[in-house]
Amino acid sequence: MKVIFKDYERKDYFKKELILYKEILLQILNQRGLNMNLENLKSKHFELVQVKDGIYAAIAKEGGGAIGNAGFVDLGDQTIVFDTFNTQQAAIDLKHIAESITNRSVDWVINSHWHGDHIRGNQVYKDSKIISSVETRVKMLESHPERIRKQKEDIKGLISYIKSLEERNLKEKDLSLENQINFLKEIETSLHTLELVLPNFTFKEEFTFYGTKKTAKLFTFGGGHSNCDSFLYIPEDKTVFMGDLLFVNFHPSFFLESNPLEWKKILEKLAKFEIEKVIPGHGVVGTKREILTLIRYFEDILELSTLKDVIEEIELPKVYESWSHPEIFQTNLKMLKTSFQLK
Ligand SMILES: [Zn+2]
C-alpha cells in the first residue's frame, strides 16, 4: 500500500522507524550479552543456576568460600540478593554476576538467619539495604563480634593447621581432605579484612518487596533450624528461597538452638504454599517434593530416636543412604536423645 506523507508526517514516520530499529538492535545485543554473560559468569565458589526468568540460585561448591547457598531475584526495577555466603570472596562474585545480568546495582540483601555461612559476605553490600528478622539481627550482634575477634587473633594457628593438613594430603591424597584445605584457605583469606556488617532494616513476620515485574514476600514463622529462620517466596513464579529450613539430598544439621518439632511444623505450613521450585540452604535446587521428603525425615528420625536406647544400633533408613554427610544422622539422633525436650 502506498501512503502519501506530508513532509512533516514523513519525517515523523522515519523517526519512529529509526527508534524501532534501534530498539530491536538493542534487544539483540542485550540478548547476546546475556547469553555470553551466563556462559562466562562463573565462580569457583558456587554454580549459578537459572531457576526461573529473573530468579537465580547460587549453589555452593565443595572446597569454596560459599558453604551455604545464596541467590538473587530481579524484580524488574530492583534486585534482591538472598544470603551472602561464608566469605567476602564468594559474595563479591555473586554481586558481580547479579549486577552484570540485571545491569543495575543490588538494592536489597536478605540474611535468612544468623549463621556465618549466610551473613559473612555482608560487607560487600555496604551500599545496599540489608534486611533480616529482628531476632536474627539481635543474635548476629550477640555472637559474631566475639567469634570474629577470636578467629582473627588465631590466624597464625589456622595457617599452621592448614600446613599440617597439606602435609597429610601429600601422603594420603584424599578429595575430602583437599576440599577441607581449600575451604580453610578461603577462611584465612577472608579473615584478614573481614568485618561484621549488620542488617540496617528488620522485620517482624512479613515484609513485601513490590517490583515492576515481580513481587517477593519475606516471611518468618519463627525458629526451627536456628533461633529464627526466614524464607523468600515469589508467588507468581511459585519459587521459594528456603535458607537452612531446607536441605536437599543432604542431612539437615541439628544445633543446640534447633527445635526439630518447630522446624517440622514450619515445613508443614510451607507445604501448603503453591510451590514449584525450592532453593535450599544446602544441596541442589529442588521441588515441593523435597519439602515433603524432609518432613518425612523428621517423622522417621523422631520415631527412631524413641525405639532403641543405643544410638549405634539404629540403622540409617535406606531412603537417606545417598544423602551427603551421613555422619550427621547419628549426631542428630544423639541430640534428639540428649539435648532436646521434645514436647
Ligand atoms: Zn544455618
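The largest nonpolar core has 60 residues. Such a core is a set of buried Ala, Val, Leu, Ile, Met, Phe, Trp, Tyr and Cys residues joined through C-beta atoms within 7 Å. Ile-80, Val-81 and Leu-232 have the most contacts inside this core. Neighbours within four places in sequence set aside, Val-81 is in contact with Ala-70, Phe-72, Leu-94, Ala-98, Val-106, Val-109 and Tyr-125. Contact requires C-beta atoms, placed from the backbone, within 7 Å.

The model is predicted: local features need pLDDT of at least 70, side-chain atom pairs count only at pLDDT 80 or more, and totals for chains, interfaces and linings use all residues. Residues are numbered from 1 along each chain as its sequence is written.

The chain contains nine helices and twelve strands. These are DSSP runs (helices, H or I, at least four residues; strands, E, at least two), numbered from the N terminus. Of the 343 residues, 37% are buried. A buried residue has 20 or more other C-beta atoms within 10 Å of its own, an exposed one 12 or fewer, and a partly exposed one a number in between; C-beta atoms are placed from the backbone. Among contacts between residues at least 6 apart in sequence, 62% join residues at least 24 apart.

Helix α9 covers residues 327-338. Phe-329, Asn-332 and Leu-333 of α9 are buried. Seen down the axis, the buried residues fall within an arc of 100 degrees, so they line one face of α9. The arc is taken over directions from the helix axis to the C-beta atoms. These buried residues pack against α8 (288-307). On the other side of α9, Glu-327 and Thr-338 are exposed.

Conventions: Two residues are in contact if their C-beta atoms, placed from the backbone, lie within 7 Å. The expected span of a helix is 1.5 Å times one less than its number of residues.
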